[in-house]
Amino acid sequence: MKIKFSPSEKLLLFSLAGAKFTHIMDFMVLMPLGPQLMRVLDISAKEFGVLVSSYTFSAGATVLASAFFIDRLDRKKALLWTYAGFWLGTLACGLVNSYETLVLARILTGLFGGLLNALVLSLIGDVFSLEKRASAMGVVMAAFSAAAAFGVPFGIYMASMGNWRWPFLILAVASLPVLVGLWYFIPNLEYKEEGPKAPPFSIIQRTFSNPNQLRALGMTLLLILGQFMIIPYVSPFMVGNIGFSEMQLVYIYLCGGILTLFTGPAIGRLADQKGHKNIFVTFAILSILPLLLITHLPDYGIPFALLVSSLFFILISGRIIPSTTMVVSSVERKYRAGFMSLNTAMQQLAAGMAALLSGNIVVEIAQKNTDVVAIGNYNYLGYLAVGFTFLAIFLGRKIVPLKEAE
């Protein structure tokens with residue numbers, strides 16, 4: 001059965017994808033600006049780390065807090081106000097003139113950025129029927145691939161132009177038509193709860209007393225744990241162990257991002273046709289190959305390394321699209337936004353846990369007669385990621401999708 005979207009559904013998808021793209025671009029573009037920011041603002045590498053993490057901690061705190069009240073809000077109004085706040089934070093990043101004010105601007109952007117992701121995923125579940133949901137998820141997730149492909153090169157190019165503010169100002173301008181599209185194409189989806197309103201903290205009791213939702217949260221935790229143990233060390237491993245220059249790292253994101261722009265929507269359509277759970281299990285098993293290859297990568301040259309990293313992008317994306325669809329479909333519509341906020345907070349927690357765990361496993365190995373530092377014990381992270389993948393498959397196979405009157 002071929003999945004077809006109506007014209008209004010396509011316009012909605014493009015608007016949601018635009019929101020996802022600008023959101024991820026805002027995060028990705030900061031990374032290559034590090035050297036210039038450290039020089040211009042006279043900050044240390046540690047202070048740059050604070051600048052990056054300020055967004056993450058802000059996003060995690062907001063999205064966790066929002067889980068207790070977000071289901072009471074009109075979905076459209078919540079997304080519009082959230083995206084407007086994100087736009088304001090991005091604009092502020094391009095207008096500030098000191099390290100301290102830039103940190104505050106990143107905190108402001110994170111306050112809305114984390115919540116934005118939960119609302120976009122919730123809206124996909126609310127608007128699209130179960131039979132179309134993975135296809136819609138694939139289109140929106142392709143925006144993540146586009147941001148990964150173009151965010152780092154764009155940041156490097158802007159840095160070479162000599163002004164770190166331009167990426168944020170350009171993103172702020174690009175976000176305005178997206179905001180208009182969200183306002184115009186999102187239907188009103190306010191859920192009117194019958195009977196007395198449930199107390200705010202009831203979401204905790206409701207989620208933790210529901211085995212289906214607990215399995216969905218557990219699967220999210222395990223998948224993110226495995227991925228984010230490996231991803232932060234891909235760049236230093238490629239430079240220190242394989243021989244990439246820092247500029248050549250752009251090719252990893254460019255190749256992987258462009259390829260997943262095409263494979264992501266195709267995998268989403270396949271999941272709707274063959275079953276979300278079946279495609280998740282298939283791609284989760286297939287992802288074991290690049291998880292092991294990239295953490296045991298022999299020095300066969302840059303082309304082979306790009307082949308492996310591109311395979312990593314494709315298959316990791318391939319398991320995330322159906323698994324996210326399964327998570328969205330595991331909860332009733334009226335509770336979906338709050339649950340997806342909890343799920344997003346779980347992702348932030350898992351990413352932090354992964355960084356802490358992997359940071360205590362890998363070691364730096366100084367190379368003779370060079371400033372390059374190799375990464376050791378990376379192979380152990382691959383073994384752990386494979387173990388987490390098998391556990392995620394075990395939980396994912398037990399998740400039951402809820403069919404609703406959409």
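How are H10 and H11 oriented to each other? The points below begin with that pair of helices in this predicted model and then move to other parts of the chain.

1. Helix H10, which covers residues 234-242, packs against helix H11, residues 249-274, at an angle of about 130 degrees, and their axes are 10 Å apart. The two helices are therefore oblique to each other, and H10 passes H11 in a right-handed crossing. On the H10 side the contact is made by Val 234, Ser 235, Met 238 and Val 239, while H11 contributes Leu 249, Ile 252 and Tyr 253. Sorted by class, this contact of H10 with H11 has six nonpolar residues, one polar residue and no charged residues.

2. As for the chain in general, 16 helices and two strands are assigned, and buried residues make up 53% of its 406 residues. Among contacts between residues at least 6 apart in sequence, 83% join residues that are at least 24 apart.

3. The largest nonpolar core has 82 residues, and those that touch the most other members are Leu 16, Leu 79, Leu 182, Ile 230, Met 238 and Tyr 378. Helix H14, residues 302-328, supplies ten residues, the largest share of this core. A second core of 24 residues is separate, and Met 28, Phe 48, Cys 93 and Tyr 99 are among its members.

4. With neighbours within four places in sequence set aside, Met 238 is in contact with Gly 243, Phe 244, Leu 249, Ile 252, Ile 294, Leu 297, Ala 305 and Ser 309.

5. Helix H9, residues 211-230, packs with H14 at an angle of about 165 degrees, and the axes of the two helices are 10 Å apart. That angle makes H9 roughly antiparallel to H14, and the crossing of this pair is left-handed. From H9, the residues Ala 216, Met 219, Thr 220, Leu 223, Gln 227 and Ile 230 meet Phe 312, Ile 316, Arg 319, Ile 320, Ser 323, Met 326 and Val 327 of H14. By class, the contact of H9 with H14 comprises nine nonpolar, three polar and one charged residues.

6. Asn 343, a residue of helix H15 (residues 336-359), has a relative accessible area of 3% and is therefore buried. Beyond neighbours within four places in sequence, Asn 343 is in contact with Ala 216, Leu 217, Thr 220 and Val 327. Of these partners, Ala 216 and Thr 220 also take part in the contact from the H9 side, and Val 327 from the H14 side.

7. Leu 222 is another residue of helix H9, and its relative accessible area of 12% places it in the buried class. Leaving out neighbours within four places in sequence, Leu 222 is in contact with Phe 388, Leu 391, Ala 392 and Leu 395. Its C-alpha atom is separated by 9.8 Å from that of Ala 354, a residue 132 residues apart from Leu 222 along the chain.

8. Met 141 sits in helix H6, residues 133-160, and is buried, with a relative accessible area of 14%. Apart from neighbours within four places in sequence, Met 141 is in contact with Leu 121, Ile 320, Ile 321 and Thr 324. Met 141 and Ile 321 are 180 residues apart in sequence, whereas their C-alpha atoms are 7.2 Å apart in space.

9. Tyr 233 is found in the loop between H9 and H10 and, at 18% relative accessibility, counts as buried because the cut-off for that class is under 20%. Not counting residues up to four places away in sequence, Tyr 233 touches Ser 358, Gly 359, Val 362, Tyr 378 and Leu 381.

10. Most residues other than glycine have a negative phi. Asn 377, by contrast, has a phi near 65 degrees, a positive value in a residue other than glycine. Asn 377 lies in the loop between strand E2 (373-376) and helix H16 (378-396), and is partly exposed, with a relative accessible area of 28%.

Methods
Residues are numbered from 1 along each chain as its sequence is written. This is a predicted model: local features need pLDDT of at least 70, side-chain atom pairs count only at pLDDT 80 or more; totals for chains, interfaces and linings use all residues. Side-chain values use heavy atoms; hydrogens and water are left out. A nonpolar core is a set of buried Ala, Val, Leu, Ile, Met, Phe, Trp, Tyr and Cys residues joined through side-chain atoms within 4.5 Å. Buried means under 20% relative accessible area, exposed over 50%, partly exposed in between (1.4 Å probe, protein chains only). Helices (H or I, at least four residues) and strands (E, at least two) are DSSP runs, numbered from the N terminus. Contact means heavy atoms within 4.5 Å. Axes are lines fitted to C-alpha atoms, for helices over the stretch in contact, and angles run from 0 to 180 degrees between N-to-C directions. Angles under 35 degrees count as roughly parallel, over 145 as roughly antiparallel, 65 to 115 as roughly perpendicular and the rest as oblique. A crossing is left-handed if the near helix is turned anticlockwise from the far one by less than a right angle, and right-handed if clockwise. Ala, Val, Leu, Ile, Met, Phe, Trp, Tyr, Cys and Pro count as nonpolar, Asp, Glu, Lys and Arg as charged, and the others, Gly among them, as polar.
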